[in-house]
Protein chains: 2
Amino acid sequence: MTTPSTIDRHRPVPNGVAPTERRRQIVEAALTILEREGGSALTMRRLAAALGIKASSLYKHFPDKEAVELELIALGFRDVAERFERAVRRDRRRPVRAVAATYRAFAHERPHLYRLMNERPLQRERLPEGLEARAAAPLLEATGSRALARAAWAMAHGLVMLELNGRFPPDADVDAAWAVGVTAIERAADGG
Amino acid sequence: MTTPSTIDRHRPVPNGVAPTERRRQIVEAALTILEREGGSALTMRRLAAALGIKASSLYKHFPDKEAVELELIALGFRDVAERFERAVRRDRRRPVRAVAATYRAFAHERPHLYRLMNERPLQRERLPEGLEARAAAPLLEATGSRALARAAWAMAHGLVMLELNGRFPPDADVDAAWAVGVTAIERAADGG
DNA sequence: CTCTGCTGGCTAACGATGTTAGCCACCGAA
DNA sequence: TTCGGTGGCTAACATCGTTAGCCAGCAGAG
């Protein structure tokens, strides 16, 4: 309305934000906080402090907190996609197993990022186009069926979340649950 | 220290709270808000307003917000347990299928309660003893294996959460994903 | 060289949130 | 009749995301 903000004067980049150097720095700092201290530590004030500025100044670079989070989410999807692509290339015999193991490894290595990516509704329209599809492709290829790919994804996601949330008993053999689950999916893929 | 609070003078009931009439009313109001308006609407001020009192007065009945939520969670577990028990009694031939359908139906009928129950780490020690185990028993019985039961639970939970969070494309055939997933689990149960 | 306007900071504030301290009216039992 | 517990209240605190409005610096135009 009044002053044309820094942000909406740029081309319609997915997130409504063009990739400036300063923005890159902000995302980098956000990622550090997220991975080191978890999602609840990623506040605008905390993020600003890490950059030596005030929270309100962040709004010169991003329209809202969600825009910052979406950069992290996109970054996470890119990481997952690359891992999947490498995994299926490495183990062509048993792609389902390879993708599952990779999925689990990612979730364990970057649990806070995993949560950010998968715990809440995803604003697709603010993500780079095709990124989600790229991350999903290897599993779809491995299972050979959309329905089975979704069931497999759901199982992997469920196992990860239940484990991250400590919902299994302390003595539970989570490896065994993964093994039997993956085998069930593999059989369905081969037999179907 | 000074005044012995209303709460900790009572016997060590699981949640640290004895079941008074007033407390029952509070939980009832909380449930109404949760189911009608979702988890983010369940605030202490909002809950108090529904009862015609101030937020701070709630702390005469519950030590914190989590204690109120835990009452709702316990209530949810009781509902799930009863549904499961009825389901396996009704369909003895295919207990896995029966439990899965029941699980999905519960999540769709009471999505906000489902979220409250399953989205975050669970404070077991503040829940009535044995309640969680009771809710888990039918699936364990149906699959015949802890590992498979966990894989099945994870798949169901994953499917529910991905669906509730709108993570599947709008045109996705979620029924098909459930069907193929349940079949895979059933085969593993029979063949194992 | 001067002016102008954008960039990217700042302070102050708003309306939420959960929670605590401290006060007091009521009411039942001793 | 007194006394103490029950269950209200107001006021306040820290923290959250976010907005309004101000201003220093600097680059480019005249």
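## Close-up views of a predicted model

View 1. The model shown here is predicted. The side chain of D64(A) meets that of R126(A) in a salt bridge, with 3.2 Å from N to O. Distant parts of the chain are linked by this pair, whose members stand 62 residues apart. D64(A) sits in the loop between α3 (55-58) and α4 of chain A. R126(A) sits in the loop between α6 (111-118) and α7 (131-143) of chain A. R126(A) reaches 17% relative accessibility and therefore counts as buried, the cut-off being under 20%.

View 2. E109(A) belongs to helix α5 (residues 95-109) of chain A, and R83(A) to helix α4 of chain A. The two residues are 26 residues apart, and the pair links distant parts of the chain. R83(A) counts as buried because its relative accessibility is 15%.

**View 3. E37(B) and R46(B) pair in chain B.** A salt bridge connects E37(B) with R46(B). The closest N and O atoms of the two are 2.5 Å apart. E37(B) has a relative accessible area of 39%, so E37(B) is partly exposed. R46(B) is at 31% relative accessibility and therefore counts as partly exposed.

**View 4. A salt-bridge network in chain A.** Salt bridges that share partners join E35(A), D79(A), R83(A), E109(A) and R110(A) into one network. Over all chains, the count comes to 34 salt bridges.

View 5. R83(B) is placed in helix α3 (residues 65-90) of chain B. Is this residue buried or exposed? R83(B) counts as buried because its relative accessibility is 16%. Neighbours within four places in sequence are left aside here. The remaining contacts of R83(B) are with T102(B), A105(B), F106(B), E109(B) and R110(B).

View 6. Which residues form the positive surface patch? R86(A), R89(A), R90(A) and R92(A) do. R86(A) lies in helix α4 (residues 65-90) of chain A. At 39% relative accessibility, R86(A) is partly exposed, because the value falls between the cut-offs of 20% and 50%.

**View 7. Chain A as the setting.** Chain A holds 9 helices and 0 strands. The C-alpha trace spans about 65 × 40 × 25 Å along its principal axes. Of its 192 residues, 48% count as buried. Among contacts in chain A with a separation of 6 or more, 66% come from residues 24 or more positions apart. The chain exposes about 10000 Å², and carbon and sulfur atoms supply 52% of that area. Chain A carries 31 positive and 25 negative side chains. The centres of these two sets lie 4 Å apart.

Conventions:
Residues are numbered from 1 along each chain as its sequence is written. Chains are lettered from A and ligands numbered from 1 in the order in which they are written. This is a predicted model: local features need pLDDT of at least 70, side-chain atom pairs count only at pLDDT 80 or more; totals for chains, interfaces and linings use all residues. Side-chain values use heavy atoms; hydrogens and water are left out. Patches are made of residues with over 30% relative accessible area and no salt bridge: like charges are joined within 9 Å, nonpolar side chains (Val, Leu, Ile, Met, Phe, Trp, Tyr) within 5 Å. Accessible areas come from the Shrake-Rupley method with a 1.4 Å probe; for residues, only the protein chains shown count as cover. A salt bridge is a side-chain nitrogen of Lys or Arg within 4 Å of a carboxyl oxygen of Asp or Glu. Lys and Arg count as positive and Asp and Glu as negative; His and the chain ends are not counted. The place of a charge is taken as NZ of Lys, CZ of Arg, CG of Asp or CD of Glu. Helices (H or I, at least four residues) and strands (E, at least two) are DSSP runs, numbered from the N terminus. Buried means under 20% relative accessible area, exposed over 50%, partly exposed in between (1.4 Å probe, protein chains only). Contact means heavy atoms within 4.5 Å.
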